[in-house]
Amino acid sequence: MPAYISSVGHYVPPEVFDNKYFEDKIDTSDEWIRERTGIIERRFATSGATSDLIVPAVQQCLEKRGITAEEIDLILVATITADNNFPSCAATVQRKIGAKNAWGYDISAACSGFMYALATATSMVNAGVVKKALVIGADKMSSILDFTDRNTCILFGDGAGCVLIEHTDDESIGIKDTILHMDGEGGKFLYQIAGGSSKPASLETVENREHFVYQDGKNVYKHAVVGMAEVAVRIMERNNISPSEIAYLVPHQANLRIIDATRQRMGIDYDKVMINIQKYGNTTAGTIPICLSEWYYDKKLKKGDKLILASFGAGFTWGSIYLIWGID
Ligand code: COA
């Protein structure tokens with residue numbers, strides 16, 4: 001009796017920033033960014049917080065399902081840019097959408113956050129702990145980007161996506177398998193140096209620009225390209241899915257070259273990969289649910305489609321989920 005995705009929604013802020021925006025601020029070029037990452041433009045919210053990106057995504061998701069926020073039992077928010085360190089972004093979202101019967105919490109797994117949250121909600125729905133779970137992946141990365149650091153500021157964007165998870169009696173659809181990994185040894189390659197309990201905010205941490213994303217891009221790339229491909233291939237093998245059976249690979253959108261390496265290892269064609277990195281950059285926890293929602297509302301997903309989700313992110317965290325799409 002599987003859990004399945006019964007609705008989706010997404011939101012990106014309207015403000016578009018193309019690669020040329022960075023050219024007079026840092027030593028970079030449109031050509032370098034396109035070639036090395038695949039990104040052409042991204043969205044940055046010029047006002048509001050992460051919850052303000054989430055609310056419209058949730059409204060679209062609930063409207064499509066035809067339910068009110070009061071029917072939600074659980075809210076999981078995968079994010080590294082919650083409105084505040086506490087209370088949780090889930091609590092803020094609960095208040096803003098009026099989901100007064102829901103409990104919930106945030107999940108911190110960076111770019112794999114949505115995968116971790118989806119796996120958690122699936123287990124809770126399967127166990128009968130909750131009936132309707134909202135799983136949200138959202139980040140306002142512009143709030144932690146150093147716009148003087150060319151290694152990081154060109155890579156990310158702001159956005160939110162969400163799915164509704166419910167139980168179904170239809171065994172032919174639903175979330176079928178999950179593989180998740182973590183390796184804390186990778187923490188030093190991608191993190192926020194200050195602002196946590198190891199290095200609380202001070203005048204010095206602000207002056208040293210330690211509240212922004214720090215990344216050793218080469219090392220992250222090296223691990224991501226291996227980790228994401230390996231786990232996606234393994235989930236195919238253990239579920240006996242051939243490349244031709246897969247309707248879509250839904251990869252985390254960090255770098256087009258990482259996505260392409262994963263696709264090649266899986267042996268699937270380019271037109272079977274959800275790619276929107278050129279429009280939004282890396283929205284961290286937002287990338288995978290934004291893809292699912294965009295493809296669904298563009299009518300490119302149909303009931304029975306076999307999907308492989310795959311991600312890699314800070315922690316390191318990575319994983320893959322196999323599901324069969326259940327809504328037309
Ligand atoms: N514009 C121009 N040059 C840049 C640049 C930019 N925005 N950013 C870095 N460079 C420079 C580097 O300083 C380096 O110069 P050097 O050789 O003089 O030191 C050169 O470009 C090549 O750097 P390198 O790191 O080898 O480039 P790359 O091909 O690995 O691409 C990333 C850099 C960041 C795009 C790539 O490493 C990457 O995508 N990493 C993983 C990112 C990721 O997945 N992050 C999120 C985790 S999910």
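Visitor: Let's start with Ser202: is Ser202 buried or exposed, or something in between?
Guide: Ser202 is partly exposed, because its relative accessible area is 30%, and the class runs between buried, under 20%, and exposed, over 50% (1.4 Å probe, protein chains only). Keep in mind that this is a predicted model, where local features need pLDDT of at least 70, side-chain atom pairs count only at pLDDT 80 or more, and totals for chains, interfaces and linings use all residues. Residues are numbered from 1 along each chain as its sequence is written, and side-chain values use heavy atoms, with hydrogens and water left out.

Visitor: Where is Ser202 found?
Guide: Look in the loop between strand S9 (190-192) and helix H6 (203-207). Helices (H or I, at least four residues) and strands (E, at least two) are DSSP runs, numbered from the N terminus.

Visitor: What about Arg209, where is that one?
Guide: Arg209 is in the loop between H6 and strand S10 (213-215). Its phi is near 55°, which is positive in a residue other than glycine. Arg209 is partly exposed, with a relative accessible area of 39%.

Visitor: OK, new topic. Which residues are closest to the ligand?
Guide: The closest are Thr28, Arg36, Arg150, Gln215 and Asn255, out of 23 residues that surround the ligand; a residue counts if one of its heavy atoms lies within 4 Å.

Visitor: What does Thr28 do there, in terms of distance?
Guide: An N or O atom in the Thr28 side chain is 2.6 Å from a nitrogen atom of the ligand. For Arg150, a polar backbone atom is 3.0 Å from a ligand nitrogen atom. Lys218 has a polar side-chain atom 3.3 Å from an oxygen atom of the ligand.

Visitor: How much of the ligand does the protein cover?
Guide: The protein covers 76% of the 950 Å² of accessible area that the ligand has on its own; such areas come from the Shrake-Rupley method with a 1.4 Å probe, and for residues only the protein chains shown count as cover.

Visitor: Which helix gives the most to the shell around the ligand?
Guide: That is H7, with four residues. H7 spans 217-238, and strand S12 (306-313) is also among the elements that give two or more residues.

Visitor: Which residues touch the most other members of the largest nonpolar core?
Guide: Ile165, Leu292, Leu307, Ile308 and Trp325 do, in a core of 85 residues. Such a core is a set of buried Ala, Val, Leu, Ile, Met, Phe, Trp, Tyr and Cys residues joined through side-chain atoms within 4.5 Å. Both domain 1 and domain 2 give residues to this core, so it lies between them.

Visitor: One last thing: where are the cis peptide bonds?
Guide: One runs from Phe86 to Pro87, with omega near 0°, and Pro87 lies in the loop between strand S4 (74-78) and helix H4 (89-97). Another runs from Gly315 to Phe316, with omega near -10°.

Definitions and conventions
Domain bounds come from an automatic or database domain assignment. A polar contact is a pair of N or O atoms within 3.5 Å; within protein, one must be able to donate a hydrogen and the other to accept it, and residues adjacent in sequence count only if both atoms are side-chain atoms.
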